[in-house]
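Welcome! Here is a friendly briefing on the structure shown below, grouped by topic.

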Amino acid sequence: MKVAITGVTGNMGIQALKELLKIHEIELFKLLVFPNEKRLKEIKKICKGQMHRFQFVYGGLNNRDVCNELVADVDYVIGMAAVIPPHSDQHPQLAIDCNEKGVSCLVAAIEALGEFQPKYIHISTVALYGNRNSKHMWARVGDPLLISPFDIYSLTKMRGEFRVLESNIQYKTVLRQTAMLHSNMLADNMNDGLMFHTCFNAPLEWATAEDSGLLIANIIREDMHNFEHLKEKFWNRCFNIGGGLYNCVTGYDVLNDGFEIIGGTVKHFFDPNFNAIRNFHGVWFYDSKDLDDLFHYQRQSTADFWKQFKREHGILKAGKVAPKKLIKKFAIERLCKDPNSPKYWRSHNDEARMYAYFGGTDIYDELSRKWADFPLINEGRDEQGAAIDYAQLKNRDAAPMVDIGYDPSKPVCYEDLAHIAEMHGGKLISRKEDIPKKGILSDKLEWENSDGQRFVARGYTVLAGHWWNPSYVKYCWDFDRLAKMDKIYAQIWYDSHGKDEDKFYYLDEKFEAHYRKIK
């Protein structure tokens, strides 16, 4: 058996490779890598003594010849490559080339193999669900994909996922990865203002890189021996990768867990106005159990991770003896000057981001610097300061869910798809009697959105949350306008936006952020 992998040098990719090496039936790994000595050295260290099982393919994912070489004569392709924040914020063209154009190149290379196609496992992201708060903490496959304004990572990943779902690959699956805990978290988050994008009240369900790597290996193991079982239950579907109920926390919780290593809390090192109050991406997965039931990969809790992190980074304990004010000043506040931080946006009059992340400069300026005045849902106050039961929010079975136009527990019929379209303010154009024998989920159908634009998409693609809007063709976010016509979008968008908001957010040809009033 032969397996091709993209993104093998990422945190999930490295752990997946370690687990896949344990599968002796895999005789050859084809790894897509850039000719970078540092990355190659890292991979070769993992593969020490087994180099006969490896073939390196050098180049970028958006090169069709490279993709053709990578996917030729393999049984599985595992697509984990992605340009993620903060690199996607700093280098948006790289995100486009990898997450969007690169995925399209890879998919086209697999499609071209016809009956000799490998199976394709595509790693997507929780970022597609956009911003959530205490009103709707839980999401499932089928919830609307409301990507946050100016998040080029989410936008390109959404387009890439759409290409996969609409592809003619015979056996494919899309896995939307949740927030991931990994050993490089400190290094990745102390050089940029990205940490200030995390809303303190944002729901985050974590999975560790180790568990995510085990999932990939278990998919291959199970498919090798029980393909018929997975044929209907797994392939050509979309799933959420989560860590389980015990890994559902808030942005404040996870920052607090990290600071505990150096004997402090968020309140020691952050002011409430350091971080955004909306426009993040995070959610608790109502259906993360679905994937675990199939592949039994959820092992580590956030508590397990931080214990391991302490062991691996023992030097951090020295922070316990350092004055907390000094740590705040030299470790945290220095990042407030980074171009990716809210304080930088405010000082440089970046009104577009001020509005996207706060609702306007005036709202940002009114945020208190005192924690006593800032409502935290894990302390029993919702975003408006009203009393709230945090434990009850974590009760998945009692959670308020978005009305997505159909009942996911029942078989889907033509009328369900028509109703989804109606709730989006559009309609299903394809007639029931004209749909070929493959069925409403597999066949490509014609739809019309709330703008009267017609598009083609499989029934399952729409069922998985995709709905054609300007973000699929332009680097823009038009949800203030769309939510006024779209009952599915409105349920989430108005949790953190006013119904009177009228902004059209976009990136110009230099990828600089702008907004204008909707005409």
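## A first look at Asp486

The backbone nitrogen of Ile488 lies 3.0 Å from a polar atom of the side chain of Asp486, a polar contact (a pair of N or O atoms within 3.5 Å; within protein, one must be able to donate a hydrogen and the other to accept it, and residues adjacent in sequence count only if both atoms are side-chain atoms). This is a predicted model, in which local features need pLDDT of at least 70 and side-chain atom pairs count only at pLDDT 80 or more, while totals for chains, interfaces and linings use all residues. Residues are numbered from 1 along each chain as its sequence is written, and side-chain values use heavy atoms, with hydrogens and water left out.

**More about Asp486**

- Asp486 sits in the loop between α20 (479-482) and α21 (487-496); helices (H or I, at least four residues) and strands (E, at least two) are DSSP runs, numbered from the N terminus.
- Asp486 is buried yet has no salt bridge. Buried means under 20% relative accessible area, exposed over 50%, and partly exposed in between (1.4 Å probe, protein chains only), and a salt bridge is a side-chain nitrogen of Lys or Arg within 4 Å of a carboxyl oxygen of Asp or Glu.
- The nearest side chain of opposite charge to Asp486 is Lys487, 9.6 Å away; Lys and Arg count as positive and Asp and Glu as negative, while His and the chain ends are not counted.
- Leaving aside neighbours within four places in sequence, Asp486 is in contact (heavy atoms within 4.5 Å) with Met423, His424 and Trp467.

- How many residues of strand β7 (residues 172-177) are buried? Six of its six residues are, so the strand is described as mostly covered, on the under 20% cut-off.
- In a regular strand the side chains alternate between the two faces of the sheet.
- In β7, Lys172, Val174 and Arg176 point one way, while Thr173, Leu175 and Gln177 point the other way.
- β7 pairs with strand β5 (residues 119-125) in the parallel sense over six bridges; two strands pair if DSSP finds at least two bridges between them.
- Across that pairing, Ile121 stands opposite Thr173 in β7.
- β7 also runs parallel to strand β10 (residues 237-241), joined by five bridges, and the bridge partner of Arg176 in β10 is Asn240.

**Lys172, a buried charge in β7**

- Lys172 lies in strand β7 and is buried without a salt bridge.
- Which side chain of opposite charge is nearest to Lys172? That is Glu111, 7.6 Å away.
- A polar atom of the Lys172 side chain lies 3.5 Å from the backbone oxygen of Ser167.
- Not counting residues up to four places away in sequence, Lys172 touches Tyr120, Val164, Leu165, Ser167, Trp235, Asn236 and Arg237.

**Salt bridges**

- A search of the whole structure finds 25 salt bridges.
- In one of them, the side chains of Lys2 and Asp73 meet at 2.7 Å, N to O. This pair links distant parts of the chain, 71 residues apart: Lys2 is in strand β1 (residues 2-6), and Asp73 is in the loop between α3 (64-71) and β4 (76-79).
- Asp73 is exposed, with a relative accessible area of 58%.
- Arg346 forms a salt bridge with Asp365, with their closest N and O atoms 2.9 Å apart. Here too distant parts of the chain are linked: Arg346 is in helix α14 and Asp365 in helix α16 (residues 361-366), 19 residues apart.
- Both partners count as partly exposed, Arg346 at 29% relative accessibility and Asp365 at 44%.
- Asp502 and Lys503 form a salt bridge, their closest N and O atoms being 3.0 Å apart. Asp502 is partly exposed at 23%, whereas Lys503 is buried at 7%.

**Cysteines**

- The structure holds zero disulfides, where a disulfide is a pair of cysteine sulfur atoms within 2.5 Å.
- Cys98 counts as buried, at 14% relative accessibility.
- Cys248 is in no disulfide, and the nearest cysteine sulfur, in Cys199, is 17 Å away. Cys248 is buried, at 1% relative accessibility.
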